Amino acid sequence: MKDLQLKNIFFIVLGSAIYSFGFVHFNIQNELGEGGFAGLTLILYFLWNWDPALMNLLLNIPLFFIGWKLLGRKVFLYTIIGTVAVSAFLKLFLIYEVQIPLRDDLFLAALFAGVFVGVGLGIIFRYGGTTGGVDIIARLVQKYFGWSMGKTMFLFDALVIMLSWLTFLDYRSMMYTLVAVFVGARVIDFVQEGAYSGRGALIISNSQEEIASRIAIEMDRGITILRGYGHFTKEEREVLYCVVARNELVRLKNIVNSVDPHAFVSLIEVHDVMGEGFTLDEQKQPL
């Protein structure tokens, strides 16, 4: 257990609680489906009333023995913690269930389901854990068949949702399930990438020195000079690169445009920026 960090364990357990709360109070209460192994537990629950908490463990245990070498010791242990925590919280919330009346507004129920599942899983993934299931299968398929993990997970989720439609979902609940799955996927990305989102700017100009100086002085942002080579002109050029917050983007454009209206500027999305000016101050201390 020396490799495990208490902070990671705490957030994996917290993510498991959030995920399980949403799963019980929005998916189960409103008879919405889900992808992956969670979707299989819902099928078993609505068809034969089998305990989702127990089924989550029973479905994952065989995969633990198959995939522990692929995951590595640390991720394997975090995965066991996440899976057991999810099952424990599922049991807890099924026993002490809070009625949230949303059956007359399935769109709102789907949004809540997607947000809770997305936040919970996003936290688990961000702190090094998984909940087993399709993640292990996807790693196995990638190793032995060369398929990407994303492709395998998408196909498995699609198969489970289709199976749910053929067993307990009507067409209306099926569409709201797709809404929940889509929202959940977007929220997972948001949580993993971080709430901060900035812009990276690549600037090519004949006045790069003046542009760099004004950005440094007026915006207090660092600039990196990259070496570039024009394929058409066959000339070496300097390319300026800097990262700014979203609300600084207009100022950056105005500076570049005032110095060189013909400058070439390319903006890229930047997630989870770390370092001086963003997460650290000038003394390298956390902001």
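This is a predicted model: local features need pLDDT of at least 70, side-chain atom pairs count only at pLDDT 80 or more; totals for chains, interfaces and linings use all residues.
Residues are numbered from 1 along each chain as its sequence is written, and side-chain values use heavy atoms, with hydrogens and water left out.

**Overall build**
- The protein chain has ten helices and four strands, where helices (H or I, at least four residues) and strands (E, at least two) are DSSP runs numbered from the N terminus.
- Read from the N terminus, the order of elements is α-α-α-α-α-α-α-α-β-α-β-β-α-β.
- The protein chain is more spread out than a compact globule, because its radius of gyration is 24 Å, well over the 19 Å that the globule rule gives for 287 residues. That radius is taken over C-alpha atoms, and the rule is 2.2 Å times the number of residues to the power 0.38.
- Along the principal axes, the C-alpha atoms fill a box of roughly 70 × 50 × 40 Å.

**Surface, contacts and charge**
- Of the 287 residues, 43% count as buried (buried is under 20% relative accessible area, exposed over 50%, partly exposed in between, with a 1.4 Å probe and protein chains only).
- The accessible surface comes to about 16,100 Å², and 63% of it belongs to carbon and sulfur atoms; areas come from the Shrake-Rupley method with a 1.4 Å probe.
- Among contacts (heavy atoms within 4.5 Å) between residues at least 6 apart in sequence, 73% join residues at least 24 apart.
- There are 23 positive and 26 negative side chains, and the centres of the two sets lie 6 Å apart. Lys and Arg count as positive, Asp and Glu as negative, with His and the chain ends not counted; the charge is placed at NZ of Lys, CZ of Arg, CG of Asp or CD of Glu.

**One side of α10**
- Helix α10 (residues 249–259) has L249, L252, I255, V256 and V259 as its buried residues.
- These residues lie on the same side of α10, because they cover an arc of only 130 degrees around the axis, judged by the directions from the helix axis to the C-beta atoms.
- An α-helix has 3.6 residues a turn, so residues three or four places apart point the same way.

**Two loop residues with positive phi**
- E31 lies in the loop between α1 (6–28) and α2 (36–48). Phi of E31 is near 55 degrees, a positive value in a residue other than glycine, and E31 is partly exposed at 32% relative accessible area.
- N49 is not a glycine either, yet has a positive phi of about 60 degrees. N49 counts as exposed, at 56% relative accessibility.
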